[in-house]
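Please look at the sequence and the three-dimensional structure shown below, and keep both in view while reading.

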Amino acid sequence: MRKIHILFFFAAAISMLFLCGCTVKTKDGNEKIKDIEFTVLGEDNIPEELKQIVEEKKEKEFKMTYQDNGFLYICVGYGRQETGGYSITVNDLYLTGNSIYVDTNLIGPGPENREVYRVQEKDSASYPYVILKIEYMDKSVVFD
């Protein structure tokens, strides 16, 4: 009789382990639904009000959005850099269930060009930023 109780106990314990490992997966809204098409705006295509806001913020790093005429503008600035020659890549821009996800990266001048920039632009700081234009969506923007 004692062996049956021990066997029953082990069977119940093993069953509990398997049941604890089961979960119900729910969508939390963070999975990528689709890539978002965007346009990188040049200086001439930035709305005037947004241009003024960027001008005020460019000295320091900033991440912001701006809405105008059915479009959403996603702005990322990297603050004052000692020289020119920087570029910004957009690694990802996509829609999730809850938000718009954007990932950008600042790329400095290559090692072979750093001295050239220091000599040519000794007193010429730069303020690299990118403005992405997308169709307006009523979603929060997550910056990475």
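Is Ser140 buried, partly exposed or exposed? With a relative accessible area of 46%, Ser140 is partly exposed, because the name "buried" is kept for values under 20%, "exposed" for values over 50%, and "partly exposed" for those in between, with a 1.4 Å probe and protein chains only.

## The model and its overall plan

This is a predicted model, in which local features need pLDDT of at least 70 and side-chain atom pairs count only at pLDDT 80 or more, while totals for chains, interfaces and linings use all residues. Residues are numbered from 1 along each chain as its sequence is written, and side-chain values use heavy atoms, with hydrogens and water left out.

The chain contains three helices and eight strands, where helices (H or I, at least four residues) and strands (E, at least two) are DSSP runs numbered from the N terminus. Followed along the sequence, these elements give the pattern α-β-β-α-β-β-β-β-α-β-β. Of the 144 residues in the chain, 28% are buried. Contact here means heavy atoms within 4.5 Å, and among the contacts between residues at least 6 apart in sequence, 70% join residues at least 24 apart.

## Two nonpolar cores

A nonpolar core is a set of buried Ala, Val, Leu, Ile, Met, Phe, Trp, Tyr and Cys residues joined through side-chain atoms within 4.5 Å. The largest one has 14 residues, and those with the most contacts inside it are Ile36, Ile74, Leu93, Ile100 and Ile134. Strand 4 (71-78), strand 5 (87-96), strand 6 and strand 7 each give two or more residues to this core, and strand 4 gives the most, with four residues. A second, separate core has 10 residues, including Leu41, Ile46, Val54 and Phe62.

Leu93 shows how the parts of the chain come together: leaving out residues up to four places away in sequence, Leu93 touches Asp35, Ile36, Phe38, Ile74, Ile100, Tyr101, Val102, Leu132 and Ile134.

## The largest pocket

On a 1 Å grid over the protein atoms alone, a pocket is an open set of points where a 1.4 Å probe fits, with protein on both sides within 12 Å along at least five of seven lines, and its lining residues have an atom within 4 Å of a point. The largest pocket has a volume of about 170 Å³, a volume being the space filled by probe spheres set on the points, which are joined across faces, edges and corners.

The lining consists of Lys34, Asp35, Ile36, Glu37, Thr39, Phe71, Lys133, Ile134, Glu135 and Met137. Strand 1 (32-35) and strand 7 (129-135) are the elements that give two or more residues to this lining, and the largest share, three residues, comes from strand 7. By class, there are four nonpolar, one polar and five charged residues in the lining, where Ala, Val, Leu, Ile, Met, Phe, Trp, Tyr, Cys and Pro count as nonpolar, Asp, Glu, Lys and Arg as charged, and the others, Gly among them, as polar.

Met137, one of the lining residues, is in the loop between strand 7 and strand 8 (140-143). Although Met137 and Leu72 are 65 residues apart in sequence, their C-alpha atoms are 7.2 Å apart in space.

## Two buried polar contacts

Thr104 is in strand 6 (residues 99-107) and is buried, with a relative accessible area of 9%. The side chains of Thr104 and Tyr78 are joined by a polar contact of 2.7 Å, a term for a pair of N or O atoms within 3.5 Å; within protein, one atom must be able to donate a hydrogen and the other to accept it, and residues adjacent in sequence count only if both atoms are side-chain atoms.

Ser126 is in the loop between helix 3 (111-120) and strand 7, and is also buried, at a relative accessible area of 15%. The side chain of Ser126 reaches the backbone oxygen of Thr83 at 2.5 Å.

## An exposed loop residue

Asn69 lies in the loop between strand 3 (61-68) and strand 4, and at 66% relative accessibility this residue counts as exposed. Most residues other than glycine have a negative phi. Asn69, although not a glycine, has a positive phi of about 50°.
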